[in-house]
Amino acid sequence: MTAFAVRHGGSRQLAGTGTLLRFALRRDRLMIPVWIAVNALMVLSMPDTLEGLYGTPAERAGLVRQMETNSSLRAMVGPVFGDSLGALTAWRVGIYAGALAAVLSLLVVVRHTRDEEESGRQELVASGTVGRRASLTAALLAAAVANAVLALLVTAGLAGQGGAGALALGLGIAGVGMVFATAAAIVAQLTESARLARGLTAAVLGTAFVLRAAGDSATDDGSSALTWVSPLGWLENLRPYAGERWWVLALLAGAVVLQGAVAYALAGRRDLGMSFLPTRPGPASGRLGTASALAWRLQRGGLLGWSIGFLLAGVVYGGMTEGAADLVGDNDNARRIVERMGGQSGLTDAFLASMIGMLGLVAALWIVASVLRLHGEETSGRAEPVLANAVGRLRWAAGHLVIAFGGAALIMLLAGLGFAVGYGRQTGPVLAACLVQLPAVWVVGGVAVLLHGILPRAAVAAWGVAGAVLLIGWVGPALDVPRAVLDVSPFGHLPKLPGGSMEWGPVAVLTGVAVVLVAGGLAGLRRRDMST
């Protein structure tokens, strides 16, 4: 990335980059390792899982033949290009590993660019011996370090399946991450709000996934024009372990270079703290008369995006239920994994339960992000003017927490409606299955509230809790880990609906735990000093 800055003003533009990079990595010393560990373990655990599912070449060849005719599963995970364990690993988790790398990258870049400007810290840093493009360079380098470590772990961990394929998959995942890192760098120049920058970049990632899914559902070889429009489609067309197309890496590298150049050019043409897209002013009076109204205004855009995403995900997963159940039903080992995730019920019910459980795990990310909005408002200094008026701390926090916990209920309800539309039956049981995820989601949110209230400097560790829950829920059943490990996650105690019996005891206990965690966090917030 430094080449861009050199062409735009020489070494003085990069003064202080090393210091800012070390500072960025230190600030993200929890978030980056957790995301990398979750992503790497998801990829590296897959060969053993697939070997247990499809242990013979005949079984693997049969899976490939079935995927060629199953458009709903191709939309979900992409086409399969080979029947080796390495090729099946790239098929099964490659797209999702690339998406996770993209999410980490955009979070890192926005956090150390637009977030710093919005909080006012960048202005203080810029008053010292710091180059104009140093913060942008440090943010991109931090993302590059994270993606390089992930690529190294994937390459080393899969080398036993074939060195060339492992290298291709590692570089492809890292390349997708850097494409969205540079995309986030552009968006951070265009918008004045870090929240909007994250939301817009996430929307670009969602669009890329949808385009790839639409293209892959239409063709079984990744040749659709829609697939080639998406960076995630480039990753699958790299074809690790299936006659690697090394030239596809040039597409990823070219996108990174082009977008990086645009970001650097935009950074040199605006004032610190300003943006190219004007921010719409808030209402002069009336609608923001309360702290709750302000919290709603701050979080409504994110809630709308998550709501639309969960509704569409429910429709897509519901529509592929029959085809996926038929495919899984042909393999005893795959059936057992789905049943471990979804309960000992009929295969279709177990598949629905496992997909709904996955959305519940993702909803935990929403509630952590929404709760930590409190932390962002406090550390940026924006909470202080609100609390200087006749607004107590609990009232201020309540506005955000109602949106966080109520928003979790809303997105799970919309996911249930999506499943009902896509699947076309069992509307009541499916809605109940989605809503029963809420106590576990609320427990994760309660942990975030507790950390913010008692240990505000460690509030970001809530992302580590959410990452650990994701890891246990996604990888644990496939690896057949002991029940004691699965029970570490609150989701491991939920009844497996639809198909299973409703158990009110665990639901009540988890709800009570969430209430205690929130109460403890609010008590800590009320007693401690506010940070700035």
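**Close-up views of a helical protein model**

**View 1. Helix H16 from end to end.** With 29 residues at 1.5 Å a residue, helix H16 (residues 291-319) should span 42 Å, and its end C-alpha atoms lie 41 Å apart, which agrees. The expected span used here is 1.5 Å times one less than the number of residues. Helices here are DSSP runs of H or I with at least four residues, strands are E runs of at least two, and both are numbered from the N terminus. H16 also bends, by about 50 degrees, at glutamine 299; that bend is the angle between axes fitted to the seven residues ending there and the seven starting there. Before you zoom in further, please note that this is a predicted model, in which local features need pLDDT of at least 70 and side-chain atom pairs count only at pLDDT 80 or more, while totals for chains, interfaces and linings use all residues. Residues are numbered from 1 along each chain as its sequence is written, and side-chain values use heavy atoms, with hydrogens and water left out.

**View 2. The whole fold, for orientation.** The protein has 26 helices and zero strands. Of its 532 residues, 53% are buried, where buried means under 20% relative accessible area, exposed means over 50%, and partly exposed is in between (1.4 Å probe, protein chains only). Among contacts (heavy atoms within 4.5 Å) with a separation of 6 or more, 76% join residues 24 or more positions apart.

View 3. Setting aside residues up to four places away in sequence, isoleucine 173 touches Val43, Gly94, Ala97, Gly98, Ala101, Asn147, Leu150, Val154 and Leu235.

**View 4. An aromatic cluster of Trp306, Phe310 and Trp366.** These three residues form one aromatic cluster, and a search of the whole structure finds four aromatic pairs. Tryptophan 306 and phenylalanine 310 make a tilted pair, at 6.0 Å centre to centre and 35 degrees between the planes. Rings of Phe, Tyr and Trp (its six-membered ring) pair if their centres lie within 6.5 Å; planes under 30 degrees apart count as stacked, over 60 as edge-to-face and the rest as tilted. Because tryptophan 306 and phenylalanine 310 are four residues apart in helix H16, about one helical turn separates them. Tryptophan 306 is partly exposed at 26% relative accessibility, whereas phenylalanine 310 is buried at 4%. Tryptophan 306 also forms a tilted pair with tryptophan 366, at 6.0 Å centre to centre and 55 degrees between the planes. That pair links distant parts of the chain, with tryptophan 306 in helix H16 and tryptophan 366 in helix H19 (residues 347-379), 60 residues apart. Tryptophan 366 is buried, with a relative accessible area of 3%.

**View 5. Serine 307 on helix H16.** Serine 307 sits in helix H16 and counts as buried at 8% relative accessibility. Leaving out residues up to four places away in sequence, serine 307 touches Leu410, Ile411 and Leu414.

View 6. Arginine 239 has a positive phi of about 55 degrees although it is not a glycine, and it is buried at 17% relative accessibility. Tyrosine 241, also not a glycine, has a positive phi of about 65 degrees and is buried with a relative accessible area of 13%.

**View 7. Valine 368 beside alanine 462.** Valine 368 belongs to helix H19 and is buried, with a relative accessible area of 0%. Apart from neighbours within four places in sequence, valine 368 contacts Val444, Ala462, Trp463 and Ala466.
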